[in-house]
Amino acid sequence: MAVMHRIRIFHAFLAITVLAVYFSAETGLIHAWLGYGVAALIAFRLIWALSGAPQLGLERFYPSFKDLHLKGIATHPAISRLLLACIALSVIGATGTGIMMDNGRALQPASLSSLSFSAESEESEESEESEDESGEAYEEAHELLANLAMAFVVTHVFYLLAFKRPLARFMLFANKSAK
């Protein structure tokens, strides 16, 4: 299978998972598990980037403004790369703050987490105020980054449809060629 076909399959999994996480924000455990799924996909992508194939490298996320002129500015690769970098940073940031907010609770079996909660309830009352302040800060950052990610994704989709329709069709598995 060609590298670009593997990239678009990965893209589809990541896009579906990120959308599922975003729209499951009020579902608690489902949202957390989907968030860990996004984290696993990001880790996989970072490891995959080290494989050596130039199409997989992280330099694709670094916008180069070399040879940027007003003529043809809308289709310059720097625009696509800047959008990719913004999406990547906001998704990684939202995932990281989500993991910090969860603190591994979603990964613990239900019976163990309920036992540890009851044993630690006396100790946790003292530090509850400071944790609430930092928890609220993480929650605000998490929500802001998730909303930014969705704004960048919408911009990314509209940009591709407006200026790079063949690539958009390919990434959405809507290309006409059956190669």
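This is a predicted model: local features need pLDDT of at least 70, side-chain atom pairs count only at pLDDT 80 or more; totals for chains, interfaces and linings use all residues.
Residues are numbered from 1 along each chain as its sequence is written, and side-chain values use heavy atoms, with hydrogens and water left out.

So where does asparagine 103 sit? You'll find asparagine 103 in the loop between H3 and helix H4 (110–163). Asparagine 103 counts as exposed because its relative accessibility is 59%. The cut-offs: buried is under 20% relative accessible area, exposed is over 50%, and partly exposed is in between, with a 1.4 Å probe and protein chains only.

Helices here are DSSP runs (H or I, at least four residues), strands are E runs of at least two, and both are numbered from the N terminus. Of the 179 residues in the protein chain, 27% are buried.

Now, H2 and H3. Two packed helices are described by the angle between their axes and the distance between the axes. Helix H2 (residues 29–49) packs against helix H3 (residues 77–102) at an angle of about 130°, and their axes are 10 Å apart. Axes are lines fitted to C-alpha atoms, for helices over the stretch in contact, and angles run from 0 to 180 degrees between N-to-C directions. That makes H2 and H3 oblique to each other: under 35 degrees is roughly parallel, over 145 roughly antiparallel, 65 to 115 roughly perpendicular, and the rest oblique.

Which residues in H2 and H3 meet? From H2 we have Ala32, Gly35, Tyr36, Val38, Ala39 and Ile42, and they meet Val91, Ile92, Thr95, Ile99 and Asp102 in H3. Contact, by the way, means heavy atoms within 4.5 Å.

Last stop, helix H1 (residues 3–23), where arginine 8 is found. Is arginine 8 buried or exposed? Arginine 8 is buried, with a relative accessible area of 9%. Leaving out residues up to four places away in sequence, arginine 8 touches Phe170, Met171, Phe173 and Asn175. And for the protein chain overall, residues 24 or more positions apart account for 68% of the contacts with a separation of 6 or more.
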